[in-house]
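Let's explore a protein model together, one question at a time. Keep the picture in view as you read.

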Amino acid sequence: SLLHNDVAGIYEDRSGTMWICTRGGLSEVVPGEPRRFKNYLNDPNEMHAVEGNFVSEILQDRHSNRWVATYGRGLNKLDANGTFKRYLHPGDSSRTQENWIFCFVEDRDGLFWLSTMAGLVSFDSQSGQFTRHKIKQLHNAHIFGIHVDTRNDLWLSTGIGLVKFSPTAQSFTRFDENYGIGFTELRSGFFKNTKSKLFLGGLDGFTEFDPDSIPGVSHPPEIA
């Protein structure tokens, strides 16, 4: 059965397999049998003291590896034989900061970008190294979603609005009312449609824009 009725996310990988992230762990829908599940990361002996076996998100990388983010149990790589290799930030012994992961993406160089309790963190899957990126302009605002554009810049959906962060240039731009966005407190991740438009929602509705149509920080995004 499904590990928990509190579902954090649903993901379909490139093989067509459906994965369900829950408060009780990770469930894989058995192909051809939608009411049967194979369950992972639900060992009671590994439960985090605060959030138990909460799984927040799953992602399949460019090499078809499946990675699973958790609250307090770091980032986990699912091997072909069904076992996990866990990656933890060594400086977070309480597992309530960098190892508490809300969502994550893979950029065009194969680097992972994580929204954590400690803010924005990158993870190199080749070296297993975590790096925290302190962005003072965020003022510790929560990051609800991350999108990587064609220039490998990051778009962040945050509690203080839409933000563009360039890891290469270390530049930061917040798009607010002056750029055509009628509200600044966002509450969702990103949805990308077939025309490469991004959608995200907040307390006062949702907004739509095309990140690749914005040539530089001095130009406002196209908002519909």
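Q: How much space lies in the largest pocket?
A: This is a predicted model, and its pockets were computed from the atoms. The space in the largest pocket comes to about 800 Å³.

Q: Which residues that line the largest pocket are the closest to its centre?
A: The lining of this pocket is made up of 30 residues. Those closest to the centre are E57, F104, V105, I146 and F190.

Q: How many residues in the lining of the largest pocket are nonpolar?
A: Let's sort the lining by class. There are 5 charged and 7 polar residues. The nonpolar residues number 18.

Q: In β18, what is the bridge partner of K192?
A: An open sheet has three strands in the order β17-β18-β19, with antiparallel pairing. The edge strands, each pairing on one side only, are β17 (191–192) and β19 (205–209). Between β17 and β18 (residues 198–202) there are 2 bridges. The partner of K192 in β18 is L198.

Q: Which residues lie nearest the centre of the second largest pocket?
A: This pocket has a volume of about 270 Å³. Strands β10 (112–116), β11 (119–124) and β12 (129–133) each supply at least two lining residues. Of the 18 residues in the lining, the ones nearest the centre are A118, G119, R132, N140 and A141.

Technical notes
Residues numbered from 1 in each chain as written. Predicted model: local features only at pLDDT ≥ 70, side-chain atom pairs only at ≥ 80, totals over all residues. Heavy atoms only, no water. Pairing = 2+ DSSP bridges. Helix = DSSP H or I, 4+ residues; strand = E, 2+ residues; numbered from the N terminus. 1 Å grid on protein atoms, 1.4 Å probe; cavity = no way out; pocket = protein on both sides within 12 Å on 5 of 7 lines; lining within 4 Å. Points joined across faces, edges and corners; volume = space filled by probe spheres on them. Nonpolar A, V, L, I, M, F, W, Y, C, P; charged D, E, K, R; others polar.
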